[in-house]
Amino acid sequence: MEKRRLSFWDIWNMSFGFLGIQMGFALQNANASRILQIFGADVHELSWFWIVAPLTGLIVQPIIGYYSDKTWTRLGRRRPFFLTGALLASVGLILMPNADMFTAFMPALWVGAGMLMIMDASFNVAMEPFRALVADLLPSDQRTLGFSVQTVLIGIGAVVGSWLPYVLTNWFGVLNNAGPGEVPTNLLLSFIIGASVLVVSILITVFTTKEYSPEEVAQFSSDEDEEVEEESSLLDIFSDFKKMPTTMKQLSSVQFFSWFGLFGMWVFTTPAIAHHVYGLGLDDHGTAYQEAGDWVGILFGVYNAVSAVYAFFLPAIAKKIGRKMTHTVSLILGGLGLISIYFVPNENWLFLSMFGIGIAWASILAMPYAILAGSIPAKKMGVYMGIFNFFIVLPQILNALIGGPMVKYLYGGNPIYALVVSGVSLLIAAVLVVRVKDVDDEVITSN
């Protein structure tokens, strides 16, 4: 039995929840460092506060993947997980910028860091079941389209989330300044709107997408899948890790350097641009710093907009030159974009830097998963997608541990060099793509 081919709009609805997830994720990425600095964090401490995010992902992702493979409810196999994750993430989005409400119990900085952990853990609960859903429902030759549509929606959500604080201030007059230790009104309102969109978009996917039943999934299984034992335990994650497909092992190093670079960008872009481009002091968190932070939100929206547009062309480009070459070229452009931030004469030139970063981001969100899906047994799709996340969170944990001390002791307190290193990391990832074996691409080409 073969999986039925889905229409474009079926695939769109199936992935629509990712718009809300990424809107919340973009608000977190563009503004968490600024909020933590408002609550008292020093620039060289930022990566330490961000470490809670990948640590929770390291623990949560494979467990969620394992149980989403085994869970069958009236809502389906994957939908209960991303619905739960969305609801929890929306709570974190509302409470993080309002952490100063809890100062009677503990410092706002620690409450804010705790909300960052809750948000990222919840995003992790939602994201990988969404990835597995595409692999579950689509035949091999539609998977590149499926992950590309996800990337388009990710881009749209991220643009809205990144631009929202700037738009609220400059179009609607919402205040973007506040007293010492207080989060500006435009950020508070942005996070509340983000939480609302997240819940609504997830519900659209839940109510418009039907998953295959256990009996249907069994009919899609290959002989290799049939060898998977029916009785298993959570501890099987460790044996599954040892039995990773060759393609997955090859992609692991590509993911490692890709996400090491991305994490450095998310953590240090705001202080780096405020200091290196705007000429502000590292301890200046006044109105000019808030304006620089809002501009970073615009820039992040630009790279996500580029990502959304580029994602529409990814299937055609990949069909023409192959998924590996597509990913290689995209990563090179992203690496050069990050490095170019060091050389720009003013903030307007940063749009050019964001163009390259947006191309890399689109490819990172689509190509590795499209390549990976063809090498994973159908019955283990969720757990292997979760294990694959190891190679996303481990580089982030490493960067979180060493990124701050490197800024303080190696870069003389100047965070711009963290962005340069992130660019070099993407270039290394591009080189490593060459040795990856794309199983699905070979099958489709031979047919």
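Modeller: Let's start with R5, which pairs up with D141 in a salt bridge, the closest N and O atoms sitting 2.8 Å apart. Keep in mind that this is a predicted model. R5 is exposed, at 54% relative accessible area, and D141 comes out as partly exposed, at 46%.

R77, R78 and D136 are linked in a network of salt bridges. Take the R77 side of it: the closest N and O atoms of D136 and R77 are 3.7 Å apart, which still passes because the cut-off is 4 Å. D136 lies in helix α6 and R77 in the loop between α4 (52-70) and α5 (79-95), so this pair ties together parts 59 residues apart in sequence. D136 has 11% relative accessibility and R77 has 3%, so both count as buried, given that the limit is under 20%.

On the R78 side, the side chains of R78 and D136 meet at 2.6 Å, N to O. R78 is also in the loop between α4 and α5, so its pairing with D136 in helix α6 ties together parts 58 residues apart in sequence. Both R78 and D136 are buried.

As for the overall tally, the count comes to five salt bridges, including the R5 and D141 pair and the R78 and D136 pair.

Notes
Residues numbered from 1 in each chain as written. Predicted model: local features only at pLDDT ≥ 70, side-chain atom pairs only at ≥ 80, totals over all residues. Heavy atoms only, no water. Buried < 20%, exposed > 50% of the residue type's maximum accessible area, 1.4 Å probe, protein only. Helix = DSSP H or I, 4+ residues; strand = E, 2+ residues; numbered from the N terminus.
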